[in-house]
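Subject: Structure handover

Hi,

Here is the structure for you to look through. My notes follow below it.

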Amino acid sequence: MDSQNTDGKPPVKSQEDLRAHFGQVSPLAEKKVLNHLDKFCRDFIALSPFLIIATSDGKGHADASPRGDAPGFVSVIDNKTLLIPDRRGNNRVDTFGNILASPGVGLIFLVPGINETLRVNGRAEISQEPDLLTPLTVQNVTPIIGVKVHVDETYFHCGKALMRSKLWNPATQVERHSFPTLGRIIAEQTAAVEVDVAEKAMEEAYRTRLY
C-alpha cells in the first residue's frame with residue numbers, strides 16, 4: 001500500500017494527521033461553540049419536532065436513535081439542561097441501557113424547512129421526576145421516564161449536508177410504495193411471522209399506540 005494518498009498527504013492515523021489533512025479550525029468555528037443554551041438554541045429546540053440521540057455503551061458499541069413529536073416536545077429546563085420524554089416504542093431501550101453504562105450523549109435537532117441543525121453534546125441521566133415529566137403529557141398520556149441531558153457544549157451546524165441531500169425538497173421525496181413496508185421487511189428478515197400478519201400489526205401500532 002502506498003504511504004501517501006493521491007493528494008500527496010500521508011494516511012490519517014493520528015490527531016496530527018487529521019490536522020495535516022484538513023488544516024486548522026477557523027477561529028469563528030471555534031468561537032461558535034457554547035457551553036450553554038442561549039436564546040437561539042432554545043428557540044430552535046422549541047421549533048424542532050425531531051432529533052437524533054447518539055449514545056455508547058462505553059466499550060465502543062455505539063447507537064443512534066430517532067426521537068420525535070410535536071415541535072417543542074423537548075423541555076428546556078434551564079440553559080444547561082434538557083429533558084427528552086420517552087414515548088411508546090419497541091422496548092429495546094438501547095439508549096437507556098447505554099446511558100446507564102456511559103453517560104456521554106450527542107444530539108442533533110432538525111427543523112423542517114431549515115437547513116441548519118443544532119448539535120448538543122453532554123452527559124445524560126435517566127429521569128423519573130413527575131414534576132418534570134407531567135407537563136410533557138400528550139393525548140392524556142404522561143411519560144413516566146425520560147432522558148435528562150446536562151449540556152457541555154452546543155453549536156449550530158451549517159446547512160451544507162441538508163442542502164446537498166435536498167432533504168426538505170418535496171420533489172426529491174421517495175414514493176412510499178417504492179419501498180417495502182416495515183411489516184414486510186421484518187417478516188422476511190426474521191421468518192418468524194407471515195407478511196400480512198406483520199403488516200396488520202404495524203398498521204395497528206401506528207394507528208393506536210403512538211402514545
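This is a predicted model: local features need pLDDT of at least 70, side-chain atom pairs count only at pLDDT 80 or more; totals for chains, interfaces and linings use all residues.

An unreviewed UniProt entry carries the annotation "domain: Pyridoxamine 5'-phosphate oxidase N-terminal" for residues 38-136. In the model, that span is 21% helix and 41% strand. Its end C-alpha atoms lie 22 Å apart.

Next, the aromatic rings. How many aromatic pairs does a search of the whole structure find? The search finds one. Phenylalanine 44 and phenylalanine 156 make up the pair, in an edge-to-face arrangement. The centres are 5.4 Å apart, and the planes are at 80°. Phenylalanine 44 sits in helix 3 (residues 39-47) and phenylalanine 156 in strand 7 (residues 146-157), so the pair ties together parts that are 112 residues apart in sequence.

Phenylalanine 156 is partly exposed, at 28% relative accessible area.

There is also a charge over a ring. Lysine 39 lies over the face of phenylalanine 40, at 5.7 Å from the ring centre.

Last, the surface. Leu182, Ile186, Tyr206 and Leu210 make a nonpolar patch of about 370 Å². Of these, leucine 210 is found in the segment after helix 8 (195-208).

Best wishes

Notes. Residues are numbered from 1 along each chain as its sequence is written. Side-chain values use heavy atoms; hydrogens and water are left out. Patches are made of residues with over 30% relative accessible area and no salt bridge: like charges are joined within 9 Å, nonpolar side chains (Val, Leu, Ile, Met, Phe, Trp, Tyr) within 5 Å. Accessible areas come from the Shrake-Rupley method with a 1.4 Å probe; for residues, only the protein chains shown count as cover. A salt bridge is a side-chain nitrogen of Lys or Arg within 4 Å of a carboxyl oxygen of Asp or Glu. Helices (H or I, at least four residues) and strands (E, at least two) are DSSP runs, numbered from the N terminus. Rings of Phe, Tyr and Trp (its six-membered ring) pair if their centres lie within 6.5 Å; planes under 30 degrees apart count as stacked, over 60 as edge-to-face and the rest as tilted. Buried means under 20% relative accessible area, exposed over 50%, partly exposed in between (1.4 Å probe, protein chains only). A charge sits over a ring if NZ of Lys or CZ of Arg is within 6 Å of the ring centre and within 35 degrees of the ring normal. UniProt positions are given in the numbering used here, feature names are shortened, and annotations may be inferred rather than shown by experiment.
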